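Subject: Handing over a structure, with notes

Dear colleague,

I am passing this structure on to you, and the notes below set out what was found in it. Please read them with the structure open beside you.

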Amino acid sequence: MRVMRFEWDGEKWNNCGVYLDDCMSNYPPRPIKDKLFMTRRDGQSRVYTVLSDSLKGENWTSTPLPGEPPADRMSEPSWFIDPDGVVHLVLRDMRREGFLYRSVSHDDGATFSAPVKTNYPDTPAKNFCGRLSSGEYYLINNPGPTRDPLTISFSSDGWMFSNPVALRSKAPDLRYEGNAKGNRTFQYPHAIEHENSLWVIYATNKEDIEISEYSLSELQQ
């Protein structure tokens with residue numbers, strides 16, 4: 001498993017080589033001030049935070065996420081930076097206690113706190129969080145007990161998320177049986193803001209990739 005880097009020159013993608021070896025990354029690196037940051041999972045399913053020495057991303061420092069049981073088995077974090085510069089990791093709990101965990105950094109991603117269980121329900125499954133152009137934060141997840149519905153909630157400060165809204169519910173039945181496939185599920189969300197809408201990308205039953213457009217003004221009523 002490795003992260004590869006490609007650059008678009010206007011006509012084709014050019015292979016720039018290995019970004020980070022022994023790594024499965026949920027999302028591409030994004031900047032924190034003058035460095036790049038991402039999270040990774042190694043071949044043993046351990047979560048690491050990874051910080052480059054510059055925006056070029058040539059050299060990386062990989063640090064295991066701290067945590068003692070029951071906060072030692074985390075997975076698939078997404079992240080954002082709050083107005084005070086605190087970096088928030090929102091984590092899936094692989095011990096399946098039914099809630100999201102949070103880890104924070106007060107030094108621009110160099111070190112992180114041990115994950116702490118929140119009171120925000122999770123099935124568990126992969127989540128996605130981000131910041132809108134309005135300054136508000138959003139969190140998309142499956143609040144459980146199954147991966148239906150897929151919901152979104154909002155926060156003004158990045159600490160308190162409330163009033164979840166169902167993005168999709170009543171998933172269809174599976175068409176094909178398969179490994180680790182639950183029936184009637186929406187999962188693995190990603191989202192992009194564009195022209196006052198949030199475009200949410202997700203998997204349905206691990207069989208189809210769907211894209212839904214939501215008016216932000218309607219979601220936040």
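Two terms come up throughout: strands (E, at least two residues) and helices (H or I, at least four) are DSSP runs numbered from the N terminus, and two strands count as paired if DSSP finds at least two bridges between them. The model is predicted, with local features needing pLDDT of at least 70 and side-chain atom pairs counting only at pLDDT 80 or more, while totals for chains, interfaces and linings use all residues. Residues are numbered from 1 along each chain as its sequence is written, and side-chain values use heavy atoms, with hydrogens and water left out.

Strand 8 and its neighbours

In the hairpin of strand 7 and strand 8, five residues lie between the strands, and G85 takes a positive phi near 85° there. These two strands pair in the antiparallel sense over six bridges, and S75 stands opposite R92 of strand 8. The hairpin of strand 8 and strand 9 has five residues between the strands, and in it R96 takes a positive phi near 60°.

Strand 8 is largely enclosed by the rest of the structure, because seven of its seven residues are buried (buried means under 20% relative accessible area, exposed over 50%, and partly exposed in between, with a 1.4 Å probe and protein chains only). Both of its faces are covered, with V87, L89, L91 and D93 buried on one side and H88, V90 and R92 buried on the other.

Salt bridges

Side chains of opposite charge can pair when their charged atoms come close. The structure holds 10 salt bridges, a salt bridge being a side-chain nitrogen of Lys or Arg within 4 Å of a carboxyl oxygen of Asp or Glu. One of them joins the side chains of R95 and D72, at 2.9 Å from N to O. Because R95 lies in the loop between strand 8 (87-93) and strand 9 (99-105), and D72 in the loop between strand 6 (60-64) and strand 7 (74-81), this pair ties together parts that are 23 residues apart in sequence. R95 is partly exposed, at a relative accessible area of 36%, and D72 is partly exposed as well, at 33%.

Another salt bridge is formed by R184 and D173, whose closest N and O atoms are 2.5 Å apart. Both residues sit in the loop between strand 14 and strand 15 (186-194), and they are 11 residues apart. R184 is partly exposed, with a relative accessible area of 43%, and D173, at 41%, also counts as partly exposed.

K181 forms a salt bridge with E207, with the closest N and O atoms 2.9 Å apart. This pair links distant parts of the chain, given that K181 is in the loop between strand 14 and strand 15 and E207 in the loop between strand 16 (197-204) and strand 17 (208-215), 26 residues away.

Four strands make up an open sheet in the order 11-12-13-14, with antiparallel pairing. Its edge strands are strand 11 (128-131) and strand 14 (162-168), each of which pairs on one side only. Strand 11 is joined by four bridges to strand 12 (residues 137-141), where Y138 is the bridge partner of G130.

A further open sheet has three strands in the order 15-16-17, also with antiparallel pairing. Strand 15 and strand 17 stand at its edges with a single partner strand each, so one side of each is left without a neighbour in the sheet. Strand 15 and strand 16 pair over seven bridges, and F186 stands opposite T204 in strand 16.

Nonpolar cores

A nonpolar core is a set of buried Ala, Val, Leu, Ile, Met, Phe, Trp, Tyr and Cys residues joined through side-chain atoms within 4.5 Å. The largest has 18 residues, and those with the most contacts inside it are Y138, I140, I152, L167, A191, L198 and V200. Strand 12, strand 13 (150-155), strand 15, strand 16 and helix 1 (216-219) each give two or more residues to this core. Apart from it lies another core, of 13 residues, with F37, V47, A71 and Y101 among them.

With best wishes
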